[in-house]
Amino acid sequence: MPELPEVETVRRGLSPVMEGRVIEHAAINRPNLRFAFPDRFRERLEGQTVTALDRRAKYLLAHLSGGETLLMHLGMSGRFTIVDEAGESGANTPGAYSHPAGDQSKHDHVIFRMSGGVFLIFNDARRFGFMTLFASAGGDEATPFLSGLGPEPLGNAFSPAHLDCALAGKRTPIKSALLDQRVVAGLGNIYVCEALWRAGISPKRLARTIPGTRSARLVPVIRDVLNEAITAGGTTLRDFKATDGALGYFQHSFAVYGRESEPCRKPECGGTVSRLVQAGRSTFFCAACQR
DNA sequence: ACCACTACCTGAAGGC
DNA sequence: TGCCTTCAGGTAGTGG
């Protein structure tokens, strides 16, 4: 599910039911997701007010009044659902908040009850997601999950000059380099494929051949594709939903992703989309117009 | 230091 | 119907 546009869609959905509210109860239904939850996780969350909900790359960051920040990653299958009304089964009773509606849904691993009676349900079938806490005062350096990240692709620090520098000398294919969160933070498999198609750059080209005119082409199309996807509410491939259940619709705008053996959408190109595997991930591209 | 590859986990989809 | 294989939006860790 979640690359930057999907995470941003989730952030926008959660923001009104998290910011300024207190985490009254936190149900942690298993000891770990991808990693173990931190010590005393529930106790450190309960009673805290969420002062702001931010996104950094594909991470959601809930800043807490007590000086810690809750870091959340959706992995491949993580999703948040907002449930407004508590079920009839005494959700106000301490200990009875495991699931608001009682319809035990598999893989509902973490449930927050916020002040105002709203439940936030984190469901993650594959458990590649994770949550942890770190000291807010330390900033990005306070957690290894953030400390090595490259710039936000929609921010000012992401520029052709930055890309030139980050890609210089790299012998890995540009496709893999753009998936490296140290180069630029937030791209995933879909948007890298789409951006390379827009820039007319072959995914097989070595990263070190990009600096210069190709970087200058790449930076604006990366911004464009992410902005368009955010506007579309992200991409729904099989199960991504916003917190209110809305489906993303950027998948209808794909030029190459998932379109193997279909015609290239570039006018006059006449090529066919092909698929290859790079670093264990599918790459979709048009060999005719991507050089 | 770089880079490629595997592991982590479940579920959906396709072939037989 | 059911069993088997393959594939999936990510990233930490390992080993060459």
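View 1. The model is predicted. The structure holds 14 salt bridges. Side chains of opposite charge can pair when their charged atoms come close.

**View 2. The Arg-55 to Glu-8 salt bridge.** Arg-55 and Glu-8 pair with their closest N and O atoms 2.9 Å apart.

**View 3. The Asp-140 to Arg-56 salt bridge.** Here the closest N and O atoms of Asp-140 and Arg-56 are 3.4 Å apart. The pair links distant parts of the chain. Asp-140 sits in the loop between E8 and H3, Arg-56 in strand E2, and 84 residues separate them. Asp-140 is partly exposed, at 31% relative accessibility. Arg-56 counts as buried because its 14% falls under the 20% cut-off.

**View 4. The Glu-46 to Arg-42 salt bridge.** The side chains of Glu-46 and Arg-42 meet at 3.0 Å, N to O. Glu-46 is partly exposed, with a relative accessible area of 22%. Arg-42 is partly exposed too, at 33%.

**View 5. Thr-143 and its contacts.** Thr-143 lies in the loop between strand E8 (130-135) and helix H3 (144-147). Its relative accessible area is 4%, so Thr-143 is buried. Leaving aside residues up to four places away in sequence, Thr-143 touches Leu-71 and Phe-134.

**View 6. The interface of domain 1 and domain 2.** Chain A is divided into domain 1 (4-147) and domain 2 (160-252). Their C-alpha centres lie 28 Å apart. Contacts join 16 residues of domain 1 to 16 residues of domain 2. The buried area is about 1,400 Å², with carbon and sulfur atoms giving 64%. Zero salt bridges are found across this interface. Five residue pairs are in polar contact across it, both residues at pLDDT 80 or more.

**View 7. The side of domain 1 that touches domain 2.** Helix H1 (4-18) and strand E5 (78-83) are the elements that give two or more residues to this side. H1 provides the largest share, nine residues. By class, the side has seven nonpolar, three polar and six charged residues.

How values were computed: Residues are numbered from 1 along each chain as its sequence is written. Chains are lettered from A and ligands numbered from 1 in the order in which they are written. This is a predicted model: local features need pLDDT of at least 70, side-chain atom pairs count only at pLDDT 80 or more; totals for chains, interfaces and linings use all residues. Side-chain values use heavy atoms; hydrogens and water are left out. Domain bounds come from an automatic or database domain assignment. Contact means heavy atoms within 4.5 Å. Buried area is the accessible area (1.4 Å probe) that two parts lose on being put together, summed over both. A salt bridge is a side-chain nitrogen of Lys or Arg within 4 Å of a carboxyl oxygen of Asp or Glu. A polar contact is a pair of N or O atoms within 3.5 Å; within protein, one must be able to donate a hydrogen and the other to accept it, and residues adjacent in sequence count only if both atoms are side-chain atoms. Helices (H or I, at least four residues) and strands (E, at least two) are DSSP runs, numbered from the N terminus. Ala, Val, Leu, Ile, Met, Phe, Trp, Tyr, Cys and Pro count as nonpolar, Asp, Glu, Lys and Arg as charged, and the others, Gly among them, as polar. Buried means under 20% relative accessible area, exposed over 50%, partly exposed in between (1.4 Å probe, protein chains only).
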